[in-house]
Amino acid sequence: MAFHNPADRTPKELFPGAIARTFWGEKLLLSYLYLAPGSFVPPHSHPHEQAGIVLAGELEFTIGGETRLVKTDEIFIIPGGVEHSVKVGDAPARVLDIFSPVREEYKWE
C-alpha cells in the first residue's frame with residue numbers, strides 16, 4: 001500500500017511515554033513518534049542507521065556522547081552502532097524517525 005494515515009495504525013509504546021506508529025518498505029522503516037512531556041528514551045544502540053526530524057517540540061538528544069537541544073524542523077543522523085538517548089522537556093514532542101535497514105521488531109500493523 002502506498003498511502004498511510006498514522007491515525008489508522010496501531011500505536012505501540014516503545015518506552016514509557018514514547019508511542020510509535022511504524023510504516024515500512026523494502027529497505028527502510030518510518031516511525032512516527034509521540035513523546036510525552038518528561039519522557040526519557042534510555043541510552044541504547046542498534047545496528048540500523050537512524051535519521052529523523054523533530055516535527056514539534058524540543059528534545060535533549062545525546063548521540064555518541066554529544067548532547068544538544070534539538071528543536072522543531074531540526075534533523076539528526078545516527079550511524080549504526082552509536083549509543084544515543086533522548087530526554088523530553090515540559091512539552092510533548094513529535095518526531096519522524098527513519099531506519100535503514102528495516103527494523104523487523106518495529107513491524108506491526
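Me: Why does Phe 99 count as buried?

Reply: In this predicted model, Phe 99 has a relative accessibility of 3%. Buried means under 20%, so Phe 99 counts as buried.

Me: What makes Phe 99 and Tyr 106 an aromatic pair, and why is the pair called edge-to-face?

Reply: The rings of Phe 99 and Tyr 106 lie 5.7 Å apart, centre to centre, and the limit for a pair is 6.5 Å. Their planes stand at 85°; an angle over 60 degrees counts as edge-to-face, so the name applies.

Me: How do you know that Tyr 106 and Trp 108 are also a pair, and of which kind?

Reply: The ring centres of Tyr 106 and Trp 108 are 6.1 Å apart, within the 6.5 Å limit. The angle between their planes is 65°, which is over 60 degrees, so this pair is edge-to-face.

Me: Are Tyr 106 and Trp 108 buried or exposed?

Reply: Tyr 106 has 12% relative accessibility and Trp 108 has 14%. Both values fall under 20%, so each residue counts as buried.

Me: What do the ring pairs link together?

Reply: Ring pairs link Phe 99, Tyr 106 and Trp 108 into a cluster. The count of aromatic pairs comes to three.

Me: How do you know that the charge of Arg 103 sits over a ring?

Reply: The charged end of Arg 103 is 5.1 Å from the ring centre of Phe 99 and sits over that ring. Arg 103 also lies over the face of Tyr 106, at 4.1 Å from the ring centre.

Me: Which residues have the most contacts inside the largest nonpolar core?

Reply: This core has 20 residues, and those with the most contacts inside it include Leu 33, Leu 59, Phe 61 and Val 95. Among the strands that each supply at least two of its residues are E2 (18-24), E3 (29-35) and E10 (93-100).

Me: With which residues is Leu 59 in contact, leaving aside its neighbours within four places in sequence?

Reply: Among them are Leu 35, Val 54, Leu 69, Val 86, Val 88 and Val 95. Contact here means heavy atoms within 4.5 Å.

Me: What is the volume of the largest pocket, and which strand gives the largest share of its lining?

Reply: The largest pocket has a volume of about 190 Å³. Strand E7 (66-71) gives the largest share of the lining, five residues. E6 and E8 each supply at least two, and the lining residues include Phe 61, Arg 68, Phe 76 and Pro 79.

Methods
Residues numbered from 1 in each chain as written. Predicted model: local features only at pLDDT ≥ 70, side-chain atom pairs only at ≥ 80, totals over all residues. Heavy atoms only, no water. Phe/Tyr/Trp six-rings, centres within 6.5 Å; stacked < 30°, edge-to-face > 60°. Buried < 20%, exposed > 50% of the residue type's maximum accessible area, 1.4 Å probe, protein only. Lys NZ or Arg CZ within 6 Å of the ring centre and 35° of its normal. Core = buried A, V, L, I, M, F, W, Y, C linked by side-chain atoms within 4.5 Å. Helix = DSSP H or I, 4+ residues; strand = E, 2+ residues; numbered from the N terminus. 1 Å grid on protein atoms, 1.4 Å probe; cavity = no way out; pocket = protein on both sides within 12 Å on 5 of 7 lines; lining within 4 Å. Points joined across faces, edges and corners; volume = space filled by probe spheres on them.
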